[in-house]
Amino acid sequence: MSPAMRPVWLDTDPGFDDWLAMLMLAAHPGLRWLGISVVAGNAPLDVTLANALRIRHHYGLKVPIHRGSAAPLADALQTAQHVLGPQGMRTTGEPLPEVPDARPDGDDAVAAMIDALLASEEPVTVLAIGPLTHIAQALQREPQLRGHIAELVLMGGSTERGNQTPAAEFNIHADPEAADIVFSAGLPLRMFGLNVCRQVLLTREHVDAVRSWPGARAAWLSGYLDAYQRLRKPDGSAPMPLYDPVAAAWLWQPELFRLESARVDIELQGRFTRGMTVCDFRAAALDRANAQVAMSADGPAVVELMLRVVKQVLGCASMPSLGCASVPPLG
């Protein structure tokens, strides 16, 4: 493995769009994938962990997976199952087969993350695409961790309206106390919120393209992609924003995005605004800026990048990165 490859850690709550982000990491030739910490979010922890293990098994991903937190720091767990279904991801086709004997590589995701970051010879890029529970816990458990994080790239928040509530995006609303700790930690932080993800739109044409790809792995993926694209309208006539793959796309082609410095604070007390990311772009606030906030994206180019990369993973025999192992043929 080339020492020039950038180390990366993924914190996730799969989730179909998390699945897409995982495949994008797997194919990246410049990344050294250290591990995955799985948190409750889109669904309870047992479900998100099982999803991660199924994805790893059936798509040949060579990466350790660690069981993480089953609840946020303060509130009771709220999931997205009312939208995404009991598994945190729906399909209109054959479900991704279960892997009865699959086991995580460890049962303390926070300790695994800390150990991996401290052991890395260079600072690690952390991609966080679920609630920020683990990142907050790791910072609290090991204060020196800040110096071992090259940047935290997260999907969460919004400069405008929310989706879990009128004001708050799901990942931040799911554990606002954790988000407050993370945004206050002085980390190099890049926020990819709803405002930019809503510029990256998945259409029926994209679903049809994936459906035309050969093989069982593409067929499984296309059924979930089809159901995901129909979330806004059951007939698929409304484009559906992509979320988690947008943050992963930054690691591939940052030139597809425009970011601005901002002071981002997390609302914890508001009756109607709990979990809101309050983004201050005013000049007077910039000396207190704590994040680079994605403001615009070349949406069509981001979708095409994702599809190209995912197709590469589906067709791989062995990828040059740690992400994609030799994948045996399916019967």
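Helix H1 (16-27), helix H3 (81-84), helix H6 (170-174) and helix H10 (216-229) each give at least two residues to the lining of the largest pocket. Keep in mind that this is a predicted model.

Q: What is the volume of the largest pocket?
A: Helices H1, H3, H6 and H10 each put at least two residues into the lining of this pocket. Closest to its centre, out of 30 lining residues, are Val-83, Leu-84, Asn-163, Met-240 and Tyr-243. The volume comes out at about 590 Å³.

Q: How many residues of the lining of the largest pocket are charged?
A: The lining has 15 nonpolar residues and 7 polar ones. That leaves the charged class, with 8.

Q: Which helix gives the largest share of the lining of the second largest pocket?
A: This pocket holds about 220 Å³ of space. Its lining counts 14 residues, and Ala-50, Arg-54, Gln-87, Leu-96 and Glu-98 lie nearest the centre. By class, the lining splits into 9 nonpolar, 2 polar and 3 charged residues. The largest share, 3 residues, comes from helix H2 (residues 45-58).

Q: What is the volume of the largest cavity?
A: Searching the whole structure for cavities of 30 Å³ or more turns up 1. Its lining is made of Val-39, Ala-40, Ala-71, Pro-72, Leu-77, Pro-131, Thr-133, Ala-174 and Asp-175, which sort into 7 nonpolar, 1 polar and 1 charged. The space inside is about 40 Å³.

Q: Which strands stand at the edges of the sheet?
A: The sheet is open and mixed, with 9 strands in the order S3-S2-S1-S4-S5-S6-S11-S9-S10. A strand at the edge has a single partner, so one of its sides is left without a neighbour in the sheet. Going from one strand to the next, the twist averages 30 degrees. The edge strands are S3 (65-67) and S10.

Q: Which residue of S4 is the bridge partner of Leu-10?
A: Strand S1 (residues 6-12) runs parallel to strand S2 (residues 31-38), with 7 bridges between them, and there Leu-10 stands opposite Ile-36. S1 also runs parallel to S4, joined by 4 bridges. In S4, the partner of Leu-10 is Leu-127.

Q: Why is strand S4 called largely enclosed by the rest of the structure?
A: Val-124, Val-126 and Ala-128 point one way from S4, while Thr-125 and Leu-127 point the other way, and all are buried. S4 also runs parallel to strand S5 (residues 149-155) over 5 bridges, with Val-124 partnered by Ile-149. S4 (residues 124-128) counts as largely enclosed because its buried residues number 5 of 5.

Q: Which residue in S10 stands opposite Arg-263?
A: Strand S9 (residues 257-266) pairs antiparallel with strand S11 (residues 291-297) over 6 bridges, and Ala-262 has Ala-291 as its partner there. S9 also runs antiparallel to strand S10 (residues 277-280), joined by 4 bridges. In that pairing, the residue opposite Arg-263 is Asp-280.

Q: How many disulfides does the structure hold?
A: A disulfide needs two cysteine sulfurs within 2.5 Å. The sulfur of Cys-197 has its closest cysteine sulfur in Cys-279, 13 Å away, so that is too far for a bond. Cys-197 is buried at 0% relative accessible area, and Cys-279 counts as buried too, at 19%. The number of disulfides is 0.

Q: Is Pro-214 buried or exposed?
A: Pro-214 sits in the loop between helix H9 (204-211) and H10. Exposed means over 50% relative accessible area. With a relative accessible area of 73%, Pro-214 is exposed.

Q: What is omega for the cis peptide bond that joins Pro-14 and Gly-15?
A: Gly-15 lies in the loop between S1 and H1. The peptide bond joining Pro-14 to Gly-15 is cis, with omega at about -15 degrees.

Notes: Residues are numbered from 1 along each chain as its sequence is written. This is a predicted model: local features need pLDDT of at least 70, side-chain atom pairs count only at pLDDT 80 or more; totals for chains, interfaces and linings use all residues. Side-chain values use heavy atoms; hydrogens and water are left out. Buried means under 20% relative accessible area, exposed over 50%, partly exposed in between (1.4 Å probe, protein chains only). On a 1 Å grid over the protein atoms alone, a cavity is a set of points where a 1.4 Å probe fits but cannot get out, and a pocket is an open set with protein on both sides within 12 Å along at least five of seven lines; lining residues have an atom within 4 Å of a point. Grid points are joined across faces, edges and corners, and a volume is the space filled by probe spheres set on the points. Ala, Val, Leu, Ile, Met, Phe, Trp, Tyr, Cys and Pro count as nonpolar, Asp, Glu, Lys and Arg as charged, and the others, Gly among them, as polar. Two strands pair if DSSP finds at least two bridges between them. Axes are lines fitted to C-alpha atoms, for helices over the stretch in contact, and angles run from 0 to 180 degrees between N-to-C directions.
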